[in-house]
Amino acid sequence: MAFDGIIVSAVAREMSNLLIGGKIEKIHQPEADELVFHIRAQTGSCKLYASSGSSHARFHMLTKTPENRKVPFAFCMLLRKHLAGGRITGIAQKDSERVLEISIDTLNELGFSVNKTLIIEIMGKHSNIILIDAETQRIIDSIKRVSLDESRVRQVLPGMEYSYPPGQGKVPFASITLDEVAALCDCAPHALSKSLLQGVQGISPGMANRLAASCEPGGSAGESVFAELQSMRKALESGAVTPAVYMDDDGTPVDFHVFPIPDFEGTCDKLEFGSVSECVEHFYLNKTGLNRLRQKSADLDRAVRSSLDKMYLKKQRLSEDILAAEKADLYRLYGELLTANLHSISPGGSEARLVNYYDGQEIAIPMDKRLSPSKNAQGYFKRYSKSKTAVKEKSIRLRENDSDIEYLESFGAFIENASSVEEIEALRNELTEEGYLRRRRAQGKQPKAKPAPLAFQTASGFKVMAGRNNRENDELTFKAASRTDVWFHAKGYPGSHVILFTEGQEPAGADVLEAAAIAAYHSKGRQSENVPVDYTQARYVKKPAGAKPGMVIFTNHATVYVNPKPPAGPGATQ
């Protein structure tokens with residue numbers, strides 16, 4: 001996987017055709033290492049994406065806009081100040097390196113025209129996005145500041161003069177000559193690919209293998225490789241490239257390029273695209289998107305599990321306290337027997353042996369030698385009163401704790417089944433609002449996200465919707481559903497509320513089974529078989545007073561057993 005100089009050249013050419021003359025209208029920074037520019041170009045509205053992430057640094061046109069951060073980063077605010085309203089006058093690649101320069105003509109505070117340059121450097125963990133003044137070449141700021149402590153070779157700090165990343169002594173792919181290629185090919189055949197990779201600027205290992213494979217037996221290696229280079233350069237200049245993503249048997253992206261990669265041809269599935277940006281976007285959304293989702297969900301899952309561990313311990317201790325407090329009746333009996341037999345008990349004894357007048361059996365009552373029999377009796381009555389109060393109060397606390405456990409356990413299914421970062425963030429916001437997580441310091445108070453339940457359609461055309469979290473469950477069940485719509489929930493598993501919208505019609509048994517399968521699929525029982533699913537009309541689903549989001553009670557229900565799966569009809573929409 002390599003966002004090499006050839007990809008940079010292809011994307012830069014594509015961006016030039018779309019964005020030159022375009023006006024920057026909005027700038028967003030969804031994550032600390034990502035930028036999205038909304039640009040009004042001649043062809044319409046476009047979105048330019050740039051990332052400096054160590055494992056996913058790239059830039060390309062965007063079709064799927066990531067959710068915007070409510071509280072902008074400082075670098076985003078700086079870019080808005082300097083670039084908002086500016087026009088893009090040029091887009092160029094530095095030699096054949098993975099460095100892109102975007103020239104922007106904008107106005108300063110006094111209304112005079114000034115030129116700024118946004119430089120995107122793709123260098124693995126050293127990737128960066130830097131804004132400089134085009135006239136003075138001074139750095140205004142960067143998405144990652146690099147101090148002397150971090151690098152003695154090259155610092156990137158506001159006010160410093162910008163310098164390009166140190167060269168590697170390679171010859172640019174776009175300008176390499178036949179003689180230079182021949183010199184690189186003057187090696188053993190098995191070392192040709194490595195020699196080209198170390199000598200040609202802008203090619204990835206896959207392209208080095210492609211060039212090496214172009215050599216014909218008995219022919220001149222230098223001439224063959226140079227002819228292949230020329231062919232590739234002409235294709236780039238004319239735009240006659242075929243962007244493609246290579247995928248393994250599981251559908252996971254393995255690599256991508258604008259030219260065929262011999263290493264994957266015939267061994268991987270190949271998905272071709274009409275533009276380079278679409279190809280790059282698809283690869284990274286399906287490759288790094290999954291990694292980012294796992295990171296986000298793992299973080300939230302740890303927080304939920306930590307809270308649950310504390311609640312399980314609290315439940316154990318409350319249960320032990322209640323069990324101990326259930327001896328209250330014995331304390332009352334001790335107090336009554338002592339009071340009734342004060343005249344016959346000698347002070348200073350360690351126990352009093354009295355006849356229990358309830359069953360006629362002799363009973364030994366522990367006594368405090370320091371207290372009189374009367375004081376001992378009063379002590380037992382006090383312990384009886386405290387125990388009765390403890391049983392009542394701790395039983396209430398135990399029920400509240402059990403409710404909290406049930407609520408948090410429901411998050412296990414939602415986190416496990418989440419398919420986007422937005423879903424994870426919605427779950428995080430819900431837990432924050434409910435007080436289970438601390439609000440992030442820089443986050444501020446977030447407006448409530450608009451519910452967006454998953455939407456499906458059965459084979460016969462009935463609409464089915466499933467909540468992605470507890471708040472959406474409540475929204476579906478108590479606001480979106482009518483009284484006669486059918487409500488579904490996996491029995492014994494935390495998960496989504498599912499509504500089959502009947503629109504006054506009587507759904508067939510097949511529709512009920514399809515909706516039940518969706519409910520099973522969006523529950524903790526997704527990996528199981530023959531999952532029981534309860535269903536009833538929405539009118540019979542109630543929310544107890546003070547119950548947490550997603551917690552309901554229901555009556556008049558039936559149960560079906562289904563295998564979890566999404567509908568086999570027209571499919572899911574969202």
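Start with the second largest pocket, which holds about 730 Å³ of space. A pocket here is an open set of points on a 1 Å grid over the protein atoms alone, with protein on both sides within 12 Å along at least five of seven lines; a cavity is a set where a 1.4 Å probe fits but cannot get out, and lining residues have an atom within 4 Å of a point. Points are joined across faces, edges and corners, and the volume is the space filled by probe spheres set on them.

Select Arg98, Ile122, Met123, His126 and Pro165: of the 33 residues that line this pocket, these lie nearest its centre. Colour the lining by class and you get 13 nonpolar, ten polar and ten charged residues. For that count, Ala, Val, Leu, Ile, Met, Phe, Trp, Tyr, Cys and Pro are nonpolar, Asp, Glu, Lys and Arg are charged, and the others, Gly among them, are polar.

A quick word on what you're looking at: this is a predicted model, where local features need pLDDT of at least 70, side-chain atom pairs count only at pLDDT 80 or more, and totals for chains, interfaces and linings use all residues. Numbering runs from 1 along each chain as its sequence is written, and side-chain values use heavy atoms, with hydrogens and water left out.

Now colour by pLDDT, the predictor's confidence in each residue from 0 to 100. The mean is 87, and 94% of residues reach 70 or more. Go to residues 569–574, where pLDDT stays under 50. Where pLDDT is low, the predicted coordinates should not be read in detail.

Next, the largest nonpolar core, with 73 residues; select Phe3, Met15, Phe37, Phe59, Leu79 and Ile102, which have the most contacts inside it. Helix H1 (residues 5–19) gives the most to this core, with eight residues. A core here is a set of buried Ala, Val, Leu, Ile, Met, Phe, Trp, Tyr and Cys residues joined through side-chain atoms within 4.5 Å. Buried means under 20% relative accessible area, exposed over 50%, and partly exposed in between (1.4 Å probe, protein chains only). Helices (H or I, at least four residues) and strands (E, at least two) are DSSP runs numbered from the N terminus.

Zoom in on Met15. Beyond its neighbours within four places in sequence, Met15 is in contact (heavy atoms within 4.5 Å) with Ile20, Leu48, Phe59, Met61, Ile91, Leu100 and Ile102. There is also a second, separate core of 21 residues, including Leu500 and Val562.

What lines the largest cavity? Select Ile24, Phe37, Ile39, Leu48, Ile88, Ile102, Ile104 and Leu118. The volume is about 30 Å³, and the lining has eight nonpolar, no polar and no charged residues. Strand S2 (34–41) and strand S6 (99–107) each supply at least two residues of that lining.

- **His82** sits in helix H2 (residues 74–83) and counts as buried at 16% relative accessibility.
- **Val276** lies in helix H7 (residues 276–325) and is buried at 5% relative accessible area. Its contacts beyond four places in sequence include Ala10, Val11 and Glu14. Val276 and Ser16 are 260 residues apart in sequence and 13 Å apart in space, C-alpha to C-alpha.
- **Ser395** is in helix H9 (residues 373–417) and is buried, at 19% relative accessible area.
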